[in-house]
Amino acid sequence: MTSVPINVPGGADRCLVMGVVNVTPDSFSDGGMWFDEAVAIRHGLDLIGQGADIVDVGGESTRPGAARVSLEEELARVVPVVRALSSEGVVVSVDTMRAEVARASVEAGAKIVNDVSGGLADPEMPRVVAETGVTYVVMHWRGHSHDMQSRAVYKDVVAEVCAELTKRVDLVLTEGVTQAQIVLDPGLGFAKNAEHNWAVLAGIPKLAELGYPLLIGASRKRFLGRLLAAPDGTPRPFDRSDDATMAVTALAAHAGAWCVRVHQVAPNADAVRVAAAWKRAGAGT
């Protein structure tokens, strides 16, 4: 399995699990549940207890149609939580599109910058990543939440995602980011409809050919709720898509994902271990 320079005990032989802490009032799946600083910190520690290898802390919702928060508000939401979790030895990822938030979070102890824009939202981001030397998640992105779904037009979604991610990687490398720092995320749900998302998941082996670790974030996304819709067509609620998320986790891990980003950690931590055992058994036959 492709590795990156993150010291995560026990994760060398399996897909890692990244637990989500949304310090926001409006995230699509759990908006408001962890908005209080003390509650967010406690939740992050709980996720580690449930088996998370990494905790991803974000202060800005990226759900379709979401409006951006100010820099000052994002800093106030994120940095104290990052600092508190890092001080407890948690491997923290900061989910941000802003270079200033990334820098402040790294100074507070974050080891990963998870940038859903892949450096497109803030041209300074790759320079901050290069200077700090942290792991950088470069996601496939075509625009901000308020209009991203209008950009969900593809002839061959896997080929185009691969090409666009390659272009982003080439550009961040010119800013001094090293290949060893890079993780790729194909951006499920970002400028992609359900059909596109399933094609991307089936295309994980093709994405892996780009030569970088892959982060997969399918947890509670709309395409799962629509797949599991009631007979009258009503999509299943976000918080009732966790079993489907676990299935995607097992399949993605078996297909070669480096890490999965999830809301419910415990069952997904089990799923990656099942996938690893399956792969080991297959390798021995």
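Which residues does leucine 184 touch, not counting residues up to four places away in sequence?

1. Leucine 184 touches Val138, Leu165, Val169, Leu210, Tyr212, Pro213, Leu214 and Leu215. Contact here means heavy atoms within 4.5 Å.

2. This is a predicted model: local features need pLDDT of at least 70, side-chain atom pairs count only at pLDDT 80 or more, and totals for chains, interfaces and linings use all residues. Residues are numbered from 1 along each chain as its sequence is written, and side-chain values use heavy atoms, with hydrogens and water left out.

3. The largest nonpolar core has 67 residues. Leu184 is among those with the most contacts inside it, as are Val57, Leu85 and Ile216. A second, separate core of 10 residues includes Val183, Leu215, Trp258 and Cys259. Such a core is a set of buried Ala, Val, Leu, Ile, Met, Phe, Trp, Tyr and Cys residues joined through side-chain atoms within 4.5 Å. Buried means under 20% relative accessible area (1.4 Å probe, protein chains only).

4. Helix 2 covers residues 71–87. Helices are DSSP runs (H or I, at least four residues), strands likewise (E, at least two), numbered from the N terminus. At 1.5 Å a residue, its 17 residues should span 24 Å, and the end C-alpha atoms are 24 Å apart, which agrees. The expected span is 1.5 Å times one less than the number of residues.

5. The buried residues of helix 2 include Leu71, Glu74, Arg77 and Leu85. The buried residues pack against helix 1 (37–49), strand 2 (54–58), strand 3 (92–95) and helix 3 (99–107). Just after helix 2, glycine 89 takes a positive phi of about 85 degrees.

Notes: Buried < 20%, exposed > 50% of the residue type's maximum accessible area, 1.4 Å probe, protein only.
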